[in-house]
Amino acid sequence: MHAIQDRPVAVDGQVVIRPMMYVALSYDHRMVDGREAVSFLVRVKQYVEDPRRLLLDV
């Protein structure tokens, strides 16, 4: 995980400033398939962006 920094992003056709953070995952391809690793990171991203998903599983 990296530091949270304000970065420009496109939202609805407009450039706005949003706090962004990079998350990296390291894994051994002999043990974990890349597809499962990416699915895990997508789920982590969803939970960080909307923590209600942890309780409601939306």
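**An open chain with a β-hairpin**

Residues 24 or more positions apart account for 0% of the contacts in the chain with a separation of 6 or more, where a contact means heavy atoms within 4.5 Å. The model is a predicted one, in which local features need pLDDT of at least 70 and side-chain atom pairs count only at pLDDT 80 or more, while totals for chains, interfaces and linings use all residues. Residues are numbered from 1 along each chain as its sequence is written, and side-chain values use heavy atoms, with hydrogens and water left out.

Two helices and two strands make up the elements of the chain, and from the N terminus on their order is β-β-α-α. Here helices (H or I, at least four residues) and strands (E, at least two) are DSSP runs, numbered from the N terminus. The radius of gyration of the chain is 14 Å, well over the 10 Å that the globule rule gives for 58 residues, so the chain is more spread out than a compact globule. This radius is taken over C-alpha atoms, and the globule rule is 2.2 Å times the number of residues to the power 0.38. Along its principal axes, the C-alpha trace spans about 40 × 25 × 20 Å.

Burial can be looked at next. Of the 58 residues, 3% count as buried; buried means under 20% relative accessible area, exposed over 50%, and partly exposed in between (1.4 Å probe, protein chains only). The accessible surface of the chain comes to about 5400 Å², with 58% of it belonging to carbon and sulfur atoms. These areas come from the Shrake-Rupley method with a 1.4 Å probe, and for residues only the protein chains shown count as cover.

Strand 1 (residues 5-11) pairs with strand 2 (residues 14-20) in the antiparallel sense over seven bridges; two strands pair if DSSP finds at least two bridges between them. Together they form a hairpin with two residues between the strands, and Asp-12 in the turn has a positive phi of about 55 degrees. Val-11 has Gln-14 of strand 2 as its bridge partner, and Val-9 stands opposite Val-16 in strand 2. Of the seven residues of strand 2, the number buried is zero, so this strand lies largely in the open.

Ala-24 is exposed, with a relative accessible area of 61%. Its C-alpha atom is separated by 8.6 Å from that of His-2, 22 residues apart along the chain.
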